[in-house]
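Please find below a colleague's note on the structure under discussion.

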Amino acid sequence: MQYFVVMIDYGRRGREAIVDPEITRREVISRIASGEYRNISFIHEIVDSSVEDITADILNEAALPDIGTASVDLQADQFDHRRDLRKHETV
C-alpha cells in the first residue's frame, strides 16, 4: 500500500495532516499547483512500512514556470485599453 501525508501548518491555529489512501502523487502535485495546499510543512510518502520525506521533490514538480515580464510594455497596454474605451463611448 502507498499513500501520502501532507502536513499543513496553519500557524497559531495548529497543523493538519491530510492522509488519503486514494490520492496519487499526481493529485498531490496538482493540488499544490492549484493553491489548494499551502503552507506545507512536509510531505511524506509511505510505502508498505517505509517512510520517505519527498517534500522538496514534490514542491519542485509543482512549481509553476517563471514567466518574465521584461518583454511586456505595460504603458502601451494601458494606452491601448484607453483607446478601446474611447471607441465605445457615447457622444
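1. A salt bridge is taken here as a side-chain nitrogen of Lys or Arg within 4 Å of a carboxyl oxygen of Asp or Glu. By this criterion the structure holds 4 salt bridges. The model is a predicted one, in which local features need pLDDT of at least 70 and side-chain atom pairs count only at pLDDT 80 or more, while totals for chains, interfaces and linings use all residues. Residues are numbered from 1 along each chain as its sequence is written, and side-chain values use heavy atoms, with hydrogens and water left out.

2. Overall architecture. The protein chain contains 3 helices and 4 strands, in the order β-β-α-β-β-α-α from the N terminus. Helices (H or I, at least four residues) and strands (E, at least two) are DSSP runs, numbered from the N terminus. Its accessible surface comes to about 7,400 Å², of which 49% belongs to carbon and sulfur atoms; such areas come from the Shrake-Rupley method with a 1.4 Å probe, and for residues only the protein chains shown count as cover.

3. Of the 91 residues of the protein chain, 22% count as buried. Buried means under 20% relative accessible area, exposed means over 50%, and partly exposed lies in between (1.4 Å probe, protein chains only). Among contacts with a separation of 6 or more, 45% are accounted for by residues 24 or more positions apart, a contact being heavy atoms within 4.5 Å.

4. The nonpolar core. A nonpolar core is a set of buried Ala, Val, Leu, Ile, Met, Phe, Trp, Tyr and Cys residues joined through side-chain atoms within 4.5 Å. The largest such core has 13 residues, and those with the most contacts inside it are Val 6, Val 28, Ile 32, Tyr 37, Ile 40, Ile 43 and Ile 58. At least two residues of this core come from each of β1 (2-9), α1 (25-34), β3 (40-47) and α2. Leaving aside neighbours within four places in sequence, Ile 32 is in contact with Tyr 37, Ile 40, Ile 43, Ile 58, Leu 59 and Ala 62.

5. Thr 55. Where does Thr 55 lie? It belongs to helix α2 (residues 55-62) and is buried, with a relative accessible area of 13%. Its side chain reaches the backbone nitrogen of Ile 43 at 2.8 Å and makes a polar contact with the side chain of Asp 53 (2.5 Å). A polar contact is a pair of N or O atoms within 3.5 Å; within protein, one must be able to donate a hydrogen and the other to accept it, and residues adjacent in sequence count only if both atoms are side-chain atoms. Not counting residues up to four places away in sequence, Thr 55 touches Ser 41, Phe 42 and Ile 43.

6. The side chains of Glu 61 and Arg 25 meet in a salt bridge (2.7 Å, N to O). This pair links distant parts of the chain, with Glu 61 in helix α2 and Arg 25 in helix α1, 36 residues apart. Glu 61 is partly exposed at 44% relative accessibility, and Arg 25 is partly exposed at 28%.

7. Salt bridges within helices. In helix α1, Arg 31 and Glu 27 lie 4 residues apart, about one turn of the helix, and their closest N and O atoms are 3.0 Å apart. In helix α3 (residues 74-87), Lys 87 and Asp 84 lie 3 residues apart, also about one turn. Salt bridges that share partners join Arg 83, Asp 84 and Lys 87 into one network.
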